[in-house]
Amino acid sequence: MRNHPEEPVKIVALTETTSSSLIPVRKGEQNLLEAINQALEEMRQSGELKAISEKYFGMDVTSNEVR
């Protein structure tokens, strides 16, 4: 958003808590679900998820902190 404000993506509301983002996974695909969750947790712990958020949204939208 900071680098490409003309792009059709925007944050429409901020709340005191973060909300969930969903990745649809077909029923029965437990291995895929576990792999996605593990990758997201590793990215969160390493700081990569925060860095991506800051790069594309200009702020950390993954944080549980009040904004």
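**Reading charges in a predicted model**

Tutor: Let's start with D60, which lies in the segment after α2 (48-57). Keep in mind that this is a predicted model.

Student: Is D60 buried or exposed, and which side chain of opposite charge is nearest?

Tutor: Begin with the general idea: a salt bridge needs a side-chain nitrogen of Lys or Arg within 4 Å of a carboxyl oxygen of Asp or Glu. Now the case here: D60 is buried yet has no salt bridge. The nearest side chain of opposite charge is K50, 4.8 Å away.

Student: What does the side chain of D60 make a polar contact with?

Tutor: With the side chain of T62, at 2.4 Å.

Student: How many salt bridges does the structure hold?

Tutor: It holds two. One joins the side chains of R44 and E41, at 3.2 Å from N to O. The other joins K50 and E54, at 4.0 Å from N to O.

Student: Where do R44 and E41 lie?

Tutor: Both sit in helix α1 (residues 30-46), three residues apart, which is about one turn of the helix. K50 and E54 share helix α2, four residues apart, again about one turn.

Student: Why does R44 count as partly exposed?

Tutor: The general idea is that partly exposed falls between buried, under 20% relative accessible area, and exposed, over 50%. R44 counts as partly exposed because its relative accessibility is 47%.

Note on methods. Residues are numbered from 1 along each chain as its sequence is written. This is a predicted model: local features need pLDDT of at least 70, side-chain atom pairs count only at pLDDT 80 or more; totals for chains, interfaces and linings use all residues. Side-chain values use heavy atoms; hydrogens and water are left out. Helices (H or I, at least four residues) and strands (E, at least two) are DSSP runs, numbered from the N terminus. Buried means under 20% relative accessible area, exposed over 50%, partly exposed in between (1.4 Å probe, protein chains only). Lys and Arg count as positive and Asp and Glu as negative; His and the chain ends are not counted. A polar contact is a pair of N or O atoms within 3.5 Å; within protein, one must be able to donate a hydrogen and the other to accept it, and residues adjacent in sequence count only if both atoms are side-chain atoms.
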